[in-house]
Amino acid sequence: MSWSEDDERFMRAALAEAKVAALANEVPVGAVVVKGGEIIGRGLNQPVQTSDPTAHAEIVAIRAAAASAKNYRLNDTTVYVTLEPCAMCMGAILNARVSRVVFGAYDPKAGAAGSVIDLSANRKLNHRVEVNGGLLEDMCGGLLQKFFGSRRD
């Protein structure tokens, strides 16, 4: 896959959100929602802080984007997230009608964009989303490895 400068710029914005999550002792995952070249929603993992199991970075960013757009449909948007979305987050992405997902690190234990299951490829669902994985994978995965490594020490 050939990545654009914008793709890298927006993934770096998602990485910045992930670093804030790490500082708060949350799993370091960050996300941004982009429409027309502008970030309209930002999110970072915060289920521990909020006591909310749905407070994944993607969900937080989608909620912020929907509020910004004043619309629960996020047509013509791209979600950039540092970790492959789980089933819950892919469900939200599909329900919001996001056009494209770009993620960094693959998640072999819970990824729902191809690693464990691929909700984007399920033809029974009424929305299709383009999925591109592996952007800045080493940086995104490294942040997660450092976080979990420090917890094991």
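Where does H127 lie? In this predicted model, H127 is placed in the loop that runs between β4 and β5 (130–133).

**H127 and its surroundings**

With a relative accessibility of 14%, H127 is classed as buried, because buried residues are those under 20%. Setting aside residues up to four places away in sequence, H127 touches L94, R97 and V98. A polar atom of the H127 side chain lies 2.8 Å from the backbone oxygen of V98.

**V27**

V27 belongs to another loop, the one between α1 and β1. V27 has a relative accessible area of 28% and is therefore partly exposed. Its contacts, not counting residues up to four places away in sequence, are A21, N45, L144, F147 and F148. Between V27 and L94, which are 67 residues apart along the chain, the C-alpha atoms are separated by 23 Å.

In soluble globular proteins, nonpolar side chains tend to be buried together. The largest nonpolar core here has 42 residues, of which M11, I62, V81, M90 and I93 touch the most other members. Elements that give two or more residues to this core include α1 (5–23), β1 (30–35), α3 (57–69) and α5 (137–152). The largest share, six residues, comes from α1. Leaving aside neighbours within four places in sequence, I93 is in contact with I62, P85, V98, V101 and V129.

Terms used:
Residues are numbered from 1 along each chain as its sequence is written. This is a predicted model: local features need pLDDT of at least 70, side-chain atom pairs count only at pLDDT 80 or more; totals for chains, interfaces and linings use all residues. Side-chain values use heavy atoms; hydrogens and water are left out. A nonpolar core is a set of buried Ala, Val, Leu, Ile, Met, Phe, Trp, Tyr and Cys residues joined through side-chain atoms within 4.5 Å. Buried means under 20% relative accessible area, exposed over 50%, partly exposed in between (1.4 Å probe, protein chains only). Helices (H or I, at least four residues) and strands (E, at least two) are DSSP runs, numbered from the N terminus. Contact means heavy atoms within 4.5 Å. A polar contact is a pair of N or O atoms within 3.5 Å; within protein, one must be able to donate a hydrogen and the other to accept it, and residues adjacent in sequence count only if both atoms are side-chain atoms.
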